[in-house]
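Hello,

Here is the structure we spoke about handing over. Please look through it first; notes on what was found follow below.

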Amino acid sequence: MNHDNETSGAAEAPGRDFIRQIVADDLASRRHREIVTRFPPEPNGYLHIGHAKSICLNFGIAAETGGRCFLRLDDTNPLKEDQAYVDSIIDSVRWLGFDWADRLTHASDYFAQIHACALQLIEAGKAYVDSLSAEQIREYRGTLKAPGRESPHRSRSVAENLDLFARMRKGEFADGEHVLRAKIDMASPNINLRDPVLYRIRRAVHQRTGDAWCIYPMYDFAHTISDALEGISHSLCTLEFEDHRPLYEWLLAQLTLPARPRQIEFSRLNLAFTVTSKRKLAELITLGHVSGWDDPRMPTIAGMRRRGYPPAALRDFVQRTGVTKKEHLIQMSLLENCVREDLNVRAPRAMAVLNPLKVVLINWPEGRTEMLRGANHPDQPELGEREIPFGRELWIEQDDFAENPPKKFFRLQPGGEVRLRYGYIIKCVDVIKDAAGQLTEVHCTVDPETRSGLSGAERKVKGTIHWVSAVHALPAEVRLYDRLFSVPRPDAGGDDQDFKTFLNPASLQVLTGCQLEPALRTIAPGAVLQFERLGYFVADSVDHGAARPVYNRIVTLRDSWARLEEAAGAASAAIPTTSRA
RNA sequence: UGGGGCGUAGCCAAGUGGUAAGGCAGCGGGUUUUGAUCCCGCCAUCCGCAGGUUCGAAUCCUGCCGCCCCAGCCA
């Protein structure tokens, strides 16, 4: 059951957030006949859960209204960008379930038009070449509370500006020697309007245009023009660009362009116990805290994919968090709920013992194997059944046996009975220990009348546990993942507090002696399963193979017993537990 | 009084003057050969605070408080 190819359901019923209301109004009032949006990532890192929100919003609105959405790579800074990131972005958006048809574009596709826009601005006296250094420009810009000062080059003639800009483009100057600036208002309370830089000289080989250019447009300039050229009706971006909207509109007003998009801002998706800044994610990789952009603990789309999160769950999650202008911090439990909800319906069940404890059935004949049958899904008979071998020696979970059981423990215990899933009721009659006093195996008797299907199976016992026949078991490696950070806001300290000090040392636990039921022999990489009573797992897409099974834990099952134990432990020890959000 | 935003439950979020949707989390109960799933029930006299307008305010007005963003030749 490989869900990686699943691409349907990309148009789940959306809520009526404020952006969709605006869109609906614009359609109703005939302000627009067609809705056109775009998702414009910069190819300088992998996409993460925050991008997923923007992707779902932009592609979702286009799909819901019968409009179009562009996937546009905003590649205006060759120093930071790379084709490998472009590839990963394309891969992630497609995996999330969205389609851009022939609308895969790049800001660099428009370099010629953007350059022409610069000329138009210069000719209109609305832009000039400045020759101040970067430091001087910063000084002249003023501060948040004090107005800036005009550059001495601000009054250059159109002819001189044209000449200088042409020579910038021809490569006559060194990097940083000149820039092209918009001529707006150095005293504006909005710093973005204090003659923002439009073009800078950068002798760098661009991944798509090579060395065709040595001047590159800045974000505000390139982005506005790209939006207009593509006929974007609604340009959706995050809150930090609110202050840029006046510049966006100023440019649209000065330039001759085919469309006049409207920019609307929404708050970005923040997930508790994670960081999403590309710089920080890259740092985790560089320092070896994770194995790469697709490490299953990463909040990247690639990481969540390898972790086994279904794309439909991610879409559902994004939709449930809503779209507003309010800053927020979404709890991990919402994401986990979405993942479980999707997987519960689709994931075939199987039995796996992660921390094995040997059980010997002393009244079961040596060497006798019996084949039991188990449904692959409790509610979906169409998923079929499989045979499960049963024998004298079994593996059970160490946690499913307690020599001195706590209250309400209804798993295996001395003198107690428990049902083996799909099999028999057994009774613990003896406990075997080694010289050091360590428990080595548990001896039980089987009640032969209680096999599933027999009338004796009606007998009720408190607990049912999962198991695997020892001689038939498949050894496997299982990787248990937990949150990467131990605090809800690892980056709350800003630059004063290193977010890495909040790394969760137990975010990855590798178990090597796990035992799987033999029906799992043919599971393909990427397939998702529920290991009964434990959680949902995915066969690792890179390390798993028939010869060496490797599974990642996607998420545990909800576990009210664990909560009880935790509460009891916390009460008796009076130790403050890790904050849960 | 630099400018721009935002404040509804533990976390999200509807609500657009007529008397607080929904989801997650939590709590209680039922079903159950997964302590899962599923099902049922509970969970804001109150909408950052204080005044005001109104028959009536989360929604309108005034003032205040709190939080976020902006001084890259990054996006």
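Leaving aside its neighbours within four places in sequence, His51 is in contact (heavy atoms within 4.5 Å) with Phe39, Tyr46 and Lys278. This is a predicted model, in which local features need pLDDT of at least 70, side-chain atom pairs count only at pLDDT 80 or more, and totals for chains, interfaces and linings use all residues. Residues are numbered from 1 along each chain as its sequence is written, chains are lettered from A and ligands numbered from 1 in the order in which they are written, and side-chain values use heavy atoms, with hydrogens and water left out.

His51 belongs to helix H2 (residues 49–65); a helix here is a DSSP run of H or I with at least four residues, and a strand a run of E with at least two, numbered from the N terminus. His51 counts as buried because its relative accessibility is 15%; buried means under 20% relative accessible area, exposed over 50% and partly exposed in between, with a 1.4 Å probe and protein chains only.

RNA strand B is surrounded by 69 residues, the closest being Arg202, Lys326, Phe410, Arg421 and Ser452. A residue is near the strand if one of its heavy atoms lies within 4 Å of it. Sugar or phosphate accounts for 68% of the atoms of RNA strand B within 4 Å of the protein, and bases for the rest.

A polar side-chain atom of Lys460 lies 3.2 Å from a phosphate oxygen of RNA strand B, and a backbone N or O atom of Phe410 lies 3.3 Å from a base oxygen. Helix H12 (332–346) is one of the elements that give two or more residues to the surface near RNA strand B, and H12 provides the largest share, four residues.

Regards

Definitions and conventions: Polar contact = N/O pair within 3.5 Å; in protein donor to acceptor, adjacent residues only side chain to side chain.
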